[in-house]
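These entries record what I looked up in the structure shown below.

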Amino acid sequence: MSANAAPPEGKSSPPGERVDGQLLRIAFILVLGTFMATLDATIVSVGIDSLTEEFGASVAEIQWVTTAYLLAVVAAVPASGWLADRFGGRRTWLAAVGVFLLGSVLCAMAWSVTSLIVFRVIQGLGGGLLPATGQALLARVAGPHRTGRVISVVAVVPLLSPVFGPLAGGSILGVAPWPWLFLVNLPIGAVAAVLARRYVPAVPPSTRRTAFDLRGAALLSPGLAVLVYGLTEVAHGRTLPAAVGVTAGLAMLAGFTVHGLRTRGTPLVDPRLFTRPPFGAAALALLVLGASVFGTMFLLPLYFQTARGLTAWEAGLLLAPQGLGAAAGSVLVTRTISKVAPRTLVVTGIVLILAGTVPFTRLGHDLPDLVIASSLAVRGIGMAMVGAPVMNIVYSRIEPEHLPRASGALNLLNTVGGSVGTAALAVVLENRLSARGQDISSAFADTFWWVLGFCLLAAAGATRLPRTQARKP
């Protein structure tokens, strides 16, 4: 199957650059996997009360239902590149769908909090592989000169999922019991798997067979998970577990870096990759973007429900403008990504995110709903203008055989940015709530200054991105 069709006579797109119906169909199929994985990270959040009542658990215990999933995602992403190289992109993606659906069924059958947490880990291992392998497979099929336009379409999904997750979860619990928070994945996954086997081309495994980096895997994935765990414990005020987690996590990550630089084999993630332009600047932008996006999606729903007394459904509705803005931004990027310098798009997007975040530093002054909705729409447009161009910069400048590992590294950074950024903001919020006392709104406003700081770091990285597009062979 060929995804590179020349444009029909009369069209302005050069041959090999036109995004045809066949490629869009492949993108739609692969994006279903990303949609499942990213939606599931947030859809369960609105069911915490129901799960607490069902299992007779404390809030601290039931929170691990969400934390375990995110930690499993962080642990799975680094292995995605090696798996795709070893077994082929489509086969790895289909296996990830299968693991995710198995975890979903088991979660729906859980009989205790402990069993649910274990099954969420299985689900997260599959969910962590889906975005990275799907993006690498799509970039390989599209080719370097169509990657930017097609990635701009699928990259909007992770931006929409945190918005629609609470809405979907609230809707499900309104008409069905809690197991349907997980069973809803089954029809989506089944359709995606059937369509992928029929329409998505099978990309063969890499001709270079490399041994799996066991030492790197033992240091990187657990190190990231332990670090996120430690930061979570800081937010809960548990000093000893927090200190042990953060120290051990950082030590393991340092050990992985040393190992990656010294090993004669192929490391799970090559640390040298981050020193090569434009990968290092792109990595910083995605890392901080993840912290900003997921950090804001952690702070705002919590603010709406604790400081303003809104329900999960009402909070989701107020967050919807960000999803609409992301959709509009995706359309804009699709039409301009082949004509405008990548750095221009990324810097403009970060400026819009900054502009949309500034009003939230004024939450202590009874910010009107219209201002909140407008700010979120601006943020949504800006986020769509960052993710796809950054990925296009990397994907269009890297050899096809290196795409799986590059995609895994980029998705890892975005996931780590979201996990670590959210945990760090939770620590800041806890501190500000203690300092502000009853003035909850001002505590949230103080925390959003840190989100602005994340955006400024992303801007610093974006200034080092290429001025021009990749050269065409």
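**Entry 1: Leu214.** In which helix does Leu214 lie? I found Leu214 in helix α12, which spans residues 214-235; helices here are DSSP runs of H or I with at least four residues, strands are runs of E with at least two, and both are numbered from the N terminus. The model is predicted, so local features need pLDDT of at least 70 and side-chain atom pairs count only at pLDDT 80 or more, while totals for chains, interfaces and linings use all residues. Residues are numbered from 1 along each chain as its sequence is written, and side-chain values use heavy atoms, with hydrogens and water left out.

I next looked up the accessibility of Leu214. With a relative accessible area of 64%, Leu214 is exposed (buried means under 20%, exposed over 50%, partly exposed in between, with a 1.4 Å probe and protein chains only).

**Entry 2: the whole chain.** I recorded 19 helices and zero strands for the protein chain. Of its 473 residues, 56% are buried. Among the contacts with a separation of 6 or more, 80% join residues 24 or more positions apart, where contact means heavy atoms within 4.5 Å. The accessible surface comes to about 19700 Å², and carbon and sulfur atoms hold 64% of that surface; the areas come from the Shrake-Rupley method with a 1.4 Å probe.

**Entry 3: α1 and α4.** I examined helix α1 (residues 21-43) against helix α4 (residues 64-76): their axes come within 9 Å and cross at roughly 150°. Axes are lines fitted to C-alpha atoms, for helices over the stretch in contact, and angles run from 0 to 180 degrees between N-to-C directions. The two helices are therefore roughly antiparallel (angles over 145 degrees count as such; under 35 is roughly parallel, 65 to 115 roughly perpendicular, and the rest oblique). On the α1 side the contact is made by Ala37, Asp40 and Ala41, and on the α4 side by Thr66, Tyr69 and Leu70.

**Entry 4: Gln123.** I located Gln123 in helix α7 (residues 113-142). Its relative accessibility is 0%, so Gln123 counts as buried. Setting aside neighbours within four places in sequence, I listed its contacts, among them Asp40, Tyr69, Phe100 and Asn185. Asp40 and Tyr69 also take part in the contact of α1 with α4.

**Entry 5: α16 and its partners.** What angle do α16 and α17 make? I read about 155°, with the axes 7 Å apart, and α16 and α17 are therefore roughly antiparallel. Residues of α16 in this contact include Val346, Ile350 and Ile353, and those of α17 include Val378, Met385 and Ile393.

I then turned to α16 (residues 342-357) and α19 (residues 440-462), whose axes come within 10 Å and cross at roughly 170°. That makes α16 roughly antiparallel to α19 as well. Val346, Ile350 and Ile353 are among the α16 residues that meet α19, and Phe448 and Leu452 are among those on the α19 side.

**Entry 6: Asp366.** Finally, I inspected Asp366, in the loop between α16 and α17 (369-395). Asp366 has a positive phi of about 50° although it is not a glycine. Most residues other than glycine have a negative phi. Asp366 is exposed, with a relative accessible area of 70%.
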